[in-house]
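Hi everyone, thanks for coming. I'd like to walk you through one model today, so please have a look at the screen.

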Amino acid sequence: METTKKMLESISKLYEQEKKVEEKKREEGEFFNVFNTIGLRTEEVRLHSAFIAELLNPKGSHGLSQRFLQAFLEVIGVQDDYFDYRRCPCGIITERWIGPKTEIEGGQIDIIIEDGKHAIIIENKIYAGDQTNQMLRYNNYGRKKFPDGYKLMYLTLDGHEPDKCSVGNAKFDYKTISYGNEIAEWLEKCYTISEGKPLVQSVIKQYCELVKQITNTDMDTTYKNNLMSIMLAPENVTAVGEVLQLQDEWFSRVLDEYIWKPLESFAKSIGMRFGKSDGAAWIYREEWQYYKLFIWTDSNCCRDMYVGVSWYEDKPGRKNLIFKKDWHQLNCLTSLEPNEEWPYGREYLPDDIRGWGYFNIDKIVNKEVFNYIKKKFEEMISEIDELQLRMP
């Protein structure tokens with residue numbers, strides 16, 4: 001225990017030093033990023049798909065012809081004898097509509113690259129959850145439209161597999177790629193390729209930094225090496241191993257201590273009830289039999305958090321209570337439109353706390369996350385009461 005205590009004290013001192021370094025960098029403008037400034041940090045379509053497609057496009061405004069596309073194909077392991085990067089008659093297409101959505105066909109492909117005979121189909125996921133049979137529908141499109149061959153890619157922050165609901169019961173080939181690995185590697189190549197074009201290179205550098213931020217790989221190299229030196233010291237290796245065994249439980253308790261317990265206390269202070277399960281919590285008045293105020297995630301790892309008004313239990317008669325004509329988007333919930341499950345709307349948390357993990361633990365511990373949730377709940381309650389909305 002004494003060894004562990006000393007090690008943690010050393011890490012704490014190093015962390016405080018790094019915070020001072022970061023503050024100096026912030027004052028000098030080193031953290032300025034145009035993509036963050038204009039609010040596009042996690043916009044899959046408006047930023048990430050559009051920017052990646054523009055770099056991949058041989059006819060793109062970057063003026064470097066096929067060189068970015070060639071580098072991308074090398075990184076994802078597509079050979080020249082399979083895909084001819086010199087022949088992309090339609091350029092790179094984003095948001096291609098492939099027909100009305102059915103069980104096995106249709107939808108919108110995020111990015112598609114063609115050479116006249118073959119295609120590379122990319123489903124791009126930052127935070128959004130998978131749709132039912134989404135990958136299956138895109139695979140069926142590739143099989144139908146490109147008999148000479150196609151590659152189906154599933155692009156995410158960390159390279160995780162698509163949900164089973166997206167693949168359906170079918171078996172087909174696809175490749176998982178990630179922003180943290182393949183996209184980061186490709187962008188470094190693009191940065192080198194664009195030497196001599198300072199404006200292009202500058203924008204790519206900013207996008208590289210953004211990718212590091214959203215994949216939580218932006219830790220300063222010197223700081224990381226100093227941390228590793230402490231953790232790899234012979235007297236600390238065993239202690240580090242002991243601590244790592246507790247990391248999942250530790251993070252669960254951090255959420256409990258700094259978000260869920262304060263939220264429960266807040267609910268009680270205003271005469272409401274509290275409940276929670278994996279990746280979700282809610283508060284409600286006793287007379288509300290069906291609808292509750294939620295903090296929710298589409299995944300089981302707190303990747304995409306939002307708040308809204310929904311129902312938790314599918315009790316008999318619930319669907320007869322609020323019809324489409326009764327849906328009403330609250331002014332304080334603007335990100336996502338109302339639907340049957342969220343009749344008064346829902347809203348994503350701000351980008352810097354939209355996903356909860358080790359990377360933003362300081363925002364959790366200093367109550368920034370809880371305070372935001374509390375504020376949104378207060379706004380929802382006030383508006384519901386003011387409008388006298390139905391909350392049966």
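Glu95 is found in strand β1, residues 92–97; helices (H or I, at least four residues) and strands (E, at least two) are DSSP runs, numbered from the N terminus. Before I go on: this is a predicted model, where local features need pLDDT of at least 70, side-chain atom pairs count only at pLDDT 80 or more, and totals for chains, interfaces and linings use all residues. Residues are numbered from 1 along each chain as its sequence is written, and side-chain values use heavy atoms, with hydrogens and water left out.

Back to Glu95. Its phi is near 50°, a positive value in a residue other than glycine. Most residues other than glycine have a negative phi. With a relative accessibility of 24%, Glu95 counts as partly exposed. On that scale, buried means under 20% relative accessible area, exposed over 50%, and partly exposed in between, using a 1.4 Å probe and protein chains only.

Ser65 also has a positive phi, about 55°, although it is not a glycine. Where does Ser65 lie? Look in the loop between α3 (44–56) and α4 (67–76). Ser65 is partly exposed too, at 33% relative accessibility.

Now let's turn to some paired strands; two strands pair if DSSP finds at least two bridges between them. Strand β7 (residues 280–284) runs antiparallel to β8, and 4 bridges join them. Together β7 and β8 form a hairpin, with 6 residues between them. Across that pairing, Trp282 stands opposite Phe294 in β8.

Strand β8 covers residues 291–297 and pairs with β9 in the antiparallel sense, over 7 bridges. Here Phe294 turns up again, opposite Gly308 in β9, while Trp296 stands opposite Tyr306 in β9. On its other pairing, β9 joins strand β10 (residues 346–348), again antiparallel, over 3 bridges. There, Val307 has Glu347 as its bridge partner in β10.

Finally, a contrast: Glu27 lies in helix α1, residues 2–27, and Glu27 is exposed, with a relative accessible area of 63%.
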